[in-house]
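Please examine the structure shown below with its sequence at hand. The paragraphs that follow lead through it step by step.

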Amino acid sequence: MELHTDERLSATTSSCPSSQTDGASVSHLLPKDVQQQIARHPCYSKQAHQYARMHLPVAPACNIQCNYCNRKYDCSNESRPGVVSHLVDPHGALKQFRAIKKRAPNLTVVGIAGPGDALANPKATFSALKLIRDEDPSAQLCISTNGLMLADYADALAAHGVNHLTITINTIRPEIAAQIYPWIYYDHQRLRGLEAAERLIRNQLAGLEAAAKLGMLVKVNTVLIPGINDADIAELSAAVKARGALLHNIMPLISAAEHGTYFGVTGQRGPTEAELASAREASGQFMPQMTHCQQCRADAVGTLGGGCGTEADNASKADNSFKVAVATNGEPLIKTHFGHAQQFEIYRLDPQAGEFQFLERRQVAQYCNGESACPDEEADKQAMFKAIEDCRMVLCSRIGIAPWRTLEQMGITPNVDHAFAPIDVALAAIANSQLAATTHSQKESSDEVCHY
Amino acid sequence: MKYAITDKCVGCHACLLVCPSNAVFADPDNPKQFMIHPRRCTGCEGQHAAPQCASICPVEEAIVNEYAIAVNPLGSLTGIEVREHVNTSID
């Protein structure tokens with residue numbers, strides 16, 4: 001399975017030169033039109049946090065096995081790459097896109113990132129891309145792939161208007177690749193060992209070169225696995241740069257034992273912060289680096305804002321932000337009982353715009369049956385509260401008295417006043433009353449200052 | 001019947017997409033598991049050197065042959081000899 005990610009640049013665009021830390025700046029390396037495309041893409045640019053992105057989980061199948069992946073992916077209490085709570089067909093994806101777009105005009109980027117490999121599911125992938133493009137020609141389309149079939153499909157991707165592409169390439173040395181990929185499925189057979197490794201690398205590099213020649217903005221993701229691929233990062237980076245890759249995102253291995261991956265079960269550890277920094281430095285000699293990778297789910301929706309947190313402006317924004325959680329299982333009306341919510345849509349009030357902007361959708365543990373790995377009922381409840389702890393209000397159709405009290409103790413106001421109203425109408429009403437209250441209190445405080 | 005899918009299947013769709021005979025379909029009672037149509041399955045004879053479903057399936061013991069023997073036995077894909085899980089479930 002492809003390990004797909006969202007991430008932001010540490011080497012930023014020219015609007016924020018002071019935060020360049022890796023010695024390479026996108027603005028120095030790229031033509032202006034490319035910079036502009038990147039600046040509006042939240043998976044590429046830290047500056048694009050106001051733009052929302054949506055991953056369409058239309059590509060379930062995968063054609064390779066990675067030792068950091070487990071195909072038993074559909075457990076709703078897990079949040080890690082390759083995990084998705086439900087698949088949709090391309091028409092279902094279009095419906096979801098329309099629903100989200102209506103409430104989130106800042107949705108500009110639509111990608112396919114699994115939960116398998118986009119190009120192992122060409123029919124669903126291309127069908128979804130076409131439907132979205134026909135619906136909204138301004139949407140930026142992107143896919144994430146392991147690269148095995150990329151050379152075959154590069155032309156088709158370009159023809160469908162895909163201009164952003166992520167390829168996960170972990171090494172260009174077959175003997176290392178053989179320790180990461182136990183097998184691949186190619187040309188109607190399962191290849192193993194070095195034979196698989198050589199074929200995969202050859203296809204990845206050929207695909208990268210083809211895509212770059214077609215003008216696609218290619219980012220390379222690399223999972224850093226200490227003791228396996230960490231010594232050859234510079235070599236990898238130079239090789240992908242030479243074939244036209246634009247940006248390098250080195251991500252830490254996730255190998256918790258409970259995920260049941262090969263690396264998890266065999267005790268392979270992830271890299272330390274220092275190891276990660278050193279790998280990024282090695283790669284930074286050749287290519288701009290990305291950091292703050294969120295390693296998102298294949299059905300992630302929303303902006304990446306608030307997660308970065310190292311800069312003062314972000315911190316102050318977070319303090320003042322008024323976030324509202326809406327219990328909804330996908331419907332446009334507020335008709336979900338708090339206790340039955342499988343997901344919450346999170347909106348943040350933008351005081352300048354005077355309205356709520358869609359931020360993200362958060363899954364909560366609800367119908368998980370895996371006794372060995374999943375929480376019991378009490379833990380389920382805790383997970384629900386935890387999922388919305390940063391919000392100030394939660395909208396739902398009904399709620400029991402016990403969770404009501406718990407929420408109040410957490411400083412979250414349960415609100416059932418808008419039960420069965422459309423979400424956008426309810427949010428507009430709340431935005432109005434909230435902004436009126438803020439203006440009033442500001443007026444009061446300035447009056448106080450005057451009087452004083 | 002040449003090949004069949006067991007309850008180890010996690011419903012990843014991989015076999016569905018590569019079956020040359022359209023013999024794979026979602027279990028109507030459990031859409032997260034797939035089944036092989038016994039009459040449609042040809043075992044890929046005359047089409048491919050190896051059965052395509054078994055060649056791409058990432059889950060050990062999920063596909064069995066006509067003698068009910070796993071085509072990808074425990075340890076053959078991951079290299080991990082996994083204990084039999086009592087609580088194994090497909091969420």
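Two strands are said to pair if DSSP finds at least two bridges between them. With that criterion in mind, one may turn to the model, which is a predicted one. In chain A, Gln65(A) stands opposite Trp183(A), a residue of strand E7(A). Strand E7 covers residues 183-186 of chain A, and 2 bridges join it to E3(A), the two strands running antiparallel.

These strands belong to an open sheet of 3 strands in chain A, whose order is E3-E7-E8 and whose pairing is antiparallel. Its edge strands are E3 (64-65) and E8 (189-192) of chain A, each of which pairs on one side only. Helix H7(A) packs on this sheet and touches E3, E7 and E8 of chain A, and the direction of the helix makes about 105° with that of E8(A). In general, the strands of a sheet pair through backbone hydrogen bonds, either parallel or antiparallel.

Helix H7(A) also has a helical neighbour. Two packed helices are described by the angle between their axes and the distance between the axes. For helix H5 (residues 150-159) and helix H7 (residues 193-213) of chain A, the angle is about 15° and the axes are 8 Å apart. Angles under 35 degrees count as roughly parallel, and H5(A) and H7(A) are therefore roughly parallel to each other. The crossing in which H5(A) passes H7(A) is right-handed. Which residues meet here? From H5(A) come Leu150(A), Ala151(A) and Ala154(A), which meet Ala206(A), Gly207(A), Leu208(A), Ala210(A) and Ala211(A) of H7(A). The residues of this contact comprise 7 nonpolar, 1 polar and no charged.

A further part of chain A illustrates how a strand can be covered. Strand E13 (residues 323-327) of chain A has 5 of its 5 residues buried. In a regular strand the side chains alternate between the two faces of the sheet. Both faces of E13(A) are covered: Lys323(A), Ala325(A) and Ala327(A) are buried on one side, and Val324(A) and Val326(A) are buried on the other. Strand E13(A) is joined by 5 bridges to strand E14 (residues 343-350) of chain A, and these two run antiparallel. Within that pairing, Ala325(A) has Ile346(A) as its bridge partner in E14(A). Another 3 bridges join E13(A) to strand E16 (residues 393-395) of chain A, and here the strands run parallel. The bridge partner of Val326(A) in E16(A) is Leu395(A).

Among contacts in chain A between residues at least 6 apart in sequence, 71% join residues at least 24 apart. Glu408(A) lies in helix H13 (residues 401-409) of chain A.

Asn22(B) has a positive phi of about 50° although it is not a glycine. Asn22(B) is found in the loop between helix H1 (14-18) and strand E2 (24-27) of chain B, and it counts as exposed because its relative accessibility is 55%. Glu61(B), also a residue other than glycine, has a positive phi near 65°. Its place is in the loop between helix H2 (52-56) and strand E4 (63-64) of chain B. At 23% relative accessibility, Glu61(B) counts as partly exposed.

Terms used:
Residues are numbered from 1 along each chain as its sequence is written. Chains are lettered from A and ligands numbered from 1 in the order in which they are written. This is a predicted model: local features need pLDDT of at least 70, side-chain atom pairs count only at pLDDT 80 or more; totals for chains, interfaces and linings use all residues. Side-chain values use heavy atoms; hydrogens and water are left out. Axes are lines fitted to C-alpha atoms, for helices over the stretch in contact, and angles run from 0 to 180 degrees between N-to-C directions. Helices (H or I, at least four residues) and strands (E, at least two) are DSSP runs, numbered from the N terminus. Angles under 35 degrees count as roughly parallel, over 145 as roughly antiparallel, 65 to 115 as roughly perpendicular and the rest as oblique. A crossing is left-handed if the near helix is turned anticlockwise from the far one by less than a right angle, and right-handed if clockwise. Contact means heavy atoms within 4.5 Å. Ala, Val, Leu, Ile, Met, Phe, Trp, Tyr, Cys and Pro count as nonpolar, Asp, Glu, Lys and Arg as charged, and the others, Gly among them, as polar. Buried means under 20% relative accessible area, exposed over 50%, partly exposed in between (1.4 Å probe, protein chains only).
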